[in-house]
Amino acid sequence: MNGTVAWIGLRPAKRAEMEIVTSAEIDVSAGLVGDCHSGGAGHHRQITFFQMEHLPVVAALCGREIDPQMTRRNIGVSGINLLSLEGKVFRIGEAIVRYTEPCLPCGRMDQTMGEGGLAAMQGHGGIMASVVQG
């Protein structure tokens, strides 16, 4: 299966706004370089992914337009079912990453998307991954 990276965002500090970037460095020891939640080597949440195809669904459930940065995830992909990668190692650009677990939505969804954001993101939260090779 092949997917496409459609969006990349980094959060330089906790609770900071996402910074939209056109590329990012993925490092084994640092995870997604420049993101405060990337974790250290072997951390299960070095990178978070979501499916761009889910944005219209979440928007419909919220009753408002949803921008990718509102998901609080790092990389938006299209053309691939992220949950089908469970237990797998996959390539993103030149890096190799390992699916670690689903990325469950948190209460911050209600803050970024408005009331009902958390409920709308249930089942659409994406996945977390650790870096195997930068």
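**Close-up views: cysteines and aromatic pairs**

A search of the whole structure, a predicted model, finds zero disulfides. The views below take the cysteines, then an aromatic pair.

**View A. Cys103 is in no disulfide.** The nearest cysteine sulfur belongs to Cys106 and is 8.2 Å away. Cys103 has 3% relative accessibility and counts as buried.

**View B. Cys106 is in no disulfide.** For Cys106, the nearest cysteine sulfur is that of Cys103, 8.2 Å away. Cys106 is partly exposed. Its relative accessible area is 33%.

**View C. Phe49 and Phe90 form an aromatic pair.** The structure holds two aromatic pairs, and this is one of them. The ring centres are 5.6 Å apart.

**View D. The Phe49 and Phe90 pair joins two strands.** Phe49 lies in strand β5, residues 47-51. Phe90 lies in strand β7, residues 89-92. The pair therefore ties together parts that are 41 residues apart in sequence.

**View E. Phe49 and Phe90: buried or exposed?** Phe49 counts as buried, at 1% relative accessibility. Phe90 also counts as buried, at 13% relative accessibility. Buried means under 20% relative accessible area, so both Phe49 and Phe90 fall in that class.

Terms used:
Residues numbered from 1 in each chain as written. Predicted model: local features only at pLDDT ≥ 70, side-chain atom pairs only at ≥ 80, totals over all residues. Heavy atoms only, no water. Phe/Tyr/Trp six-rings, centres within 6.5 Å; stacked < 30°, edge-to-face > 60°. Helix = DSSP H or I, 4+ residues; strand = E, 2+ residues; numbered from the N terminus. Buried < 20%, exposed > 50% of the residue type's maximum accessible area, 1.4 Å probe, protein only. Disulfide = S-S within 2.5 Å.
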